[in-house]
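Dear colleague,

I am passing on the structure below, and after it I set out what was found. Please read the notes with the model open beside you.

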Amino acid sequence: MNDTFIKAYQDQIEAAKKAFSTNAVPGVEVPPAVREIAEKGLATYRENYSKLKAAAEQVNAAFEDSATTASKGVAQYNAKVLEAVQSNVNSAFDYFNSLLTAKTVAEAVELSTGHARKQFEALTGQAKDLSALAQKVASDSSEPIKSSVEKTIRPAA
């Protein structure tokens, strides 16, 4: 029974090969106009695909550049924040140290007033610096995408 099954299977395979062979199907002639339309459509498709692929690669590169720039900018911003925190902590320690050496209440009040004024000026300057850096990071990070969009839109216009 096993040999019979194998023989039947092989016969089915041979029949399928004959049915789907190029000799079994009569040749069909495609009219030249249809062939020309198909070839033009295929050429247009290939051209559009090539343009789309190039644009996608350009956008991907712009996003990568933007992410790299943003990462560097965030690192700079964090370093600037840590620098400001360290400066403020050092100033506070200096203030407390000088406050401990004050001999009178008037001297302590004068030290406190001077320290408050100095800290206000320092915090104002730090806020301006951090704000300017944040704007620079945002601008630098968006530049690759902006440039890519401009390059993409100009040829299309």
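Which residues of α2 are buried? Bearing in mind that this is a predicted model, the buried residues of that helix are A62, S66, G73, A84, N88, S91 and Y95. Helix α2 itself runs over residues 32-100, and its 69 residues reach 101 Å from the first C-alpha to the last, which is close to the 102 Å expected at 1.5 Å a residue.

As for aromatic residues, a search of the whole structure finds two pairs. The rings of Y45 and Y49 have centres 6.5 Å apart and planes at 20°, so this pair is stacked; both residues lie in helix α2, four residues apart, or about one turn of the helix. Y45 counts as exposed at 55% relative accessibility, whereas Y49 is partly exposed at 48%. The other pair, Y95 and F96, is tilted, with 5.3 Å from centre to centre and 50° between the planes; here Y95 is buried at 15%, while F96 counts as partly exposed at 48%.

Finally, F5, I6, Y9 and I13 make a nonpolar surface patch of about 410 Å²; of these, I6 has its place in helix α1 (residues 2-20) and counts as partly exposed, at 39% relative accessibility.

Best regards

Note on methods. Residues are numbered from 1 along each chain as its sequence is written. This is a predicted model: local features need pLDDT of at least 70, side-chain atom pairs count only at pLDDT 80 or more; totals for chains, interfaces and linings use all residues. Side-chain values use heavy atoms; hydrogens and water are left out. Helices (H or I, at least four residues) and strands (E, at least two) are DSSP runs, numbered from the N terminus. The expected span of a helix is 1.5 Å times one less than its number of residues. Buried means under 20% relative accessible area, exposed over 50%, partly exposed in between (1.4 Å probe, protein chains only). Patches are made of residues with over 30% relative accessible area and no salt bridge: like charges are joined within 9 Å, nonpolar side chains (Val, Leu, Ile, Met, Phe, Trp, Tyr) within 5 Å. Accessible areas come from the Shrake-Rupley method with a 1.4 Å probe; for residues, only the protein chains shown count as cover. A salt bridge is a side-chain nitrogen of Lys or Arg within 4 Å of a carboxyl oxygen of Asp or Glu. Rings of Phe, Tyr and Trp (its six-membered ring) pair if their centres lie within 6.5 Å; planes under 30 degrees apart count as stacked, over 60 as edge-to-face and the rest as tilted.
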